[in-house]
Amino acid sequence: MEESKESSQKRWSHLRKVLERPGPFSHPEFEPSPEILDFILSTCKVLIIGAGGLGCELLKDLAMMGFKHIHIIDMDVIDLSNLNRQFLFRHKDIGVSKAEVAAKYVNTRIQGCQVIPHYCPIQEKDEEFYRQFHVIACGLDSVPARRWINGMVVSLLNYDENGALDQSSVIPLVDGGTEGFKGNARVILPGMTACVECTLDLYPPQVTYPLCTIANTPRLPEHCIEYIKVVLWPKENPFGVSLDGDDAQHLTWVYEKAFERAQQFNIQGVTFRLVQGVVKNIIPAVASTNAVIAAVCATEVFKLATSCCSPMNNFMVFNDVDGIYTYTYEAEKKENCTVCSNIPQLVTIEDPYKMKLKDLIEHLCEDPKFQMKNPGLTTTVEGKSKTLYIPTIKAIEERTRENLSKSLIELGLKDGQELVVADTTTPTSVILKLVYSIGDVEMS
């Protein structure tokens, strides 16, 4: 049913007070106009990534602020444990797509709202999909996912022949994160302000295990568990479904298989409790913290879409463990950022005769600067393309596996050699440049 003009005037009167007259906090270039509200109601397209605790709050806030053209993307289904804080879901929704249920709920409850759900990983969408949005808001619980969408919005930037950024190609990214009674919100203007990769050291270290290590040379009990989780479960799929960290049968199967693998490699320490920790990777969530951070993010989306106020500059920290404490600071753009600087990343190698390819891969996973998950490497040797190791394609992985035990010299990699590295943390490849610190290197 169409909303009458009188009803619309009353419904959005609070927004008109902000958008149709200047105020003490207005942006210097802000020009009050009724057309701004029309843009919010009829044209502006916003993408919400994640339909969990933060995502539900974000969707509700933005829909009630007047944004009618919203897309929401999430790859998960609703679980019983979600219901205590993800308020758009009910018991009858367990097992159904989070994005689809959230979209249906909001479309039903908020007049005129047109939320479009996408039940898939963010990596399945291409550049054209992301290019259609005016603002992207993230409610993610995964650092790799943040890094991937950050890489995507940076890859959409256009530059002229003089290297000047075309600001019309900038899609602002508003990101929120919570952990218990702590949270943060940030505004990223790709190519202009610090991106996720510029401030990667702000995130807790991500526990990553290179596939080459867990598959061929496990050393820790976690390696054995991760192997069962990422390799054996998809291969054998014992219960015919995805691995569920809340299912006792699933965890028991993983524990038994991981224990067997640990015995094969004489590794101690595989316990049922450790299996739970590795499989579930639980992050505590509190509904009130989600509500606060989502409100901050929604406000920033509104400011970016309307220019009524200057956006946050550019990182806010929130803590209500003991009272309420918050502050904002400017995270600085990194000149040699692996994503937004567009320059090769230097990797210093002390002894290329001793460093094997598997050591280099482990370095890329463990170094706080890179924090890769499962990198694949290619290069060019004597004018010809050479695949060093690709873990994600079985046939190529088997063919290149022997390279893992070869030194960088044996692989023909020279001082200054550039490597092209593909990883799940970014939609585009990263260029690395090897720097040998031992002086002259003779190639065999």
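1. Buried means under 20% relative accessible area, exposed means over 50%, and partly exposed is what lies in between. By that scale Tyr255, with a relative accessible area of 25%, is partly exposed. The model under review is a predicted one, and the points below take its side chains group by group.

2. Tyr255 has an aromatic partner. Its ring and that of Phe272 form an edge-to-face pair, with 6.2 Å from centre to centre and 70 degrees between the planes. Tyr255 belongs to helix 10 and Phe272 to helix 11 (residues 272-280), so the pair ties together parts that are 17 residues apart in sequence. Phe272 counts as partly exposed, at 31% relative accessibility.

3. The structure holds 11 aromatic pairs. Among them is the pair of Trp233 and Trp253, which is edge-to-face, with 5.4 Å between the centres and 85 degrees between the planes. This pair links distant parts of the chain: Trp233 sits in helix 9 (residues 221-236) and Trp253 in helix 10 (residues 248-264), 20 residues apart. Both Trp233 and Trp253 are buried.

4. One aromatic cluster is made up of Phe129, Tyr130, Phe133 and Trp148. The charged end of Lys125 sits over the ring of Phe129, 5.0 Å from its centre. Over the ring of Phe133 sits the charged end of Lys45, 5.8 Å from the ring centre.

5. Salt bridges come next. Side chains of opposite charge can pair when their charged atoms come close. The structure holds 11 salt bridges. One of the bridges joins Arg16 to Glu20, with the closest N and O atoms 2.8 Å apart. Arg16 counts as buried because its relative accessibility is 17%, under the 20% limit. Glu20 has a relative accessible area of 32% and is therefore partly exposed.

6. Helix 7 deserves a separate look. Asp175 forms a salt bridge with Arg146, and the closest N and O atoms are 3.0 Å apart. Asp175 lies in strand 7 (residues 173-179) and Arg146 in helix 7 (residues 143-155), so this bridge ties together parts that are 29 residues apart in sequence. Asp175 is buried, with a relative accessible area of 1%, and Arg146 is buried as well, with 8%.

7. Arg147 also takes part in a salt bridge: its partner is Glu197, and the closest N and O atoms are 2.7 Å apart. Arg147 lies in helix 7, while Glu197 is in the loop between strand 8 (182-188) and helix 8 (211-216), so the pair ties together parts that are 50 residues apart in sequence. Arg147 counts as buried at 3% relative accessibility. Glu197 is buried too, with a relative accessible area of 7%.

8. Glu57, Lys60 and Asp61 are linked in a network of salt bridges. Lys98 is another matter: this residue is buried yet has no salt bridge. How far away is the nearest side chain of opposite charge? That side chain is Asp76, at 4.5 Å, and a salt bridge requires the nitrogen and the carboxyl oxygen to be within 4 Å.

9. The surroundings of Lys98 can be listed. Lys98 lies in helix 5 (residues 98-109). Leaving aside neighbours within four places in sequence, its contacts include Asp74, Asp76, Val77, Ile78 and Phe89. Ala51, Gly52, Asn82 and Gln86 are also among the residues in contact with Lys98.

10. Lys373 is found in the loop between helix 13 (357-366) and strand 12 (376-381). Its relative accessibility is 31%, so Lys373 counts as partly exposed. Lys373 and Thr424 are 51 residues apart along the chain, and their C-alpha atoms are separated by 6.6 Å.

11. The last point concerns strand 11. In a regular strand the side chains alternate between the two faces of the sheet. Strand 11 (residues 345-349) has a covered face formed by Gln345, Val347 and Ile349, and an uncovered face formed by Leu346 and Thr348. Strand 11 runs parallel to strand 15 (residues 430-436), and five bridges join the two. Within this pairing, Gln345 stands opposite Leu432 of strand 15.

Terms used:
Residues numbered from 1 in each chain as written. Predicted model: local features only at pLDDT ≥ 70, side-chain atom pairs only at ≥ 80, totals over all residues. Heavy atoms only, no water. Phe/Tyr/Trp six-rings, centres within 6.5 Å; stacked < 30°, edge-to-face > 60°. Helix = DSSP H or I, 4+ residues; strand = E, 2+ residues; numbered from the N terminus. Buried < 20%, exposed > 50% of the residue type's maximum accessible area, 1.4 Å probe, protein only. Lys NZ or Arg CZ within 6 Å of the ring centre and 35° of its normal. Lys, Arg positive; Asp, Glu negative; His and termini not counted. Contact = heavy atoms within 4.5 Å. Pairing = 2+ DSSP bridges.
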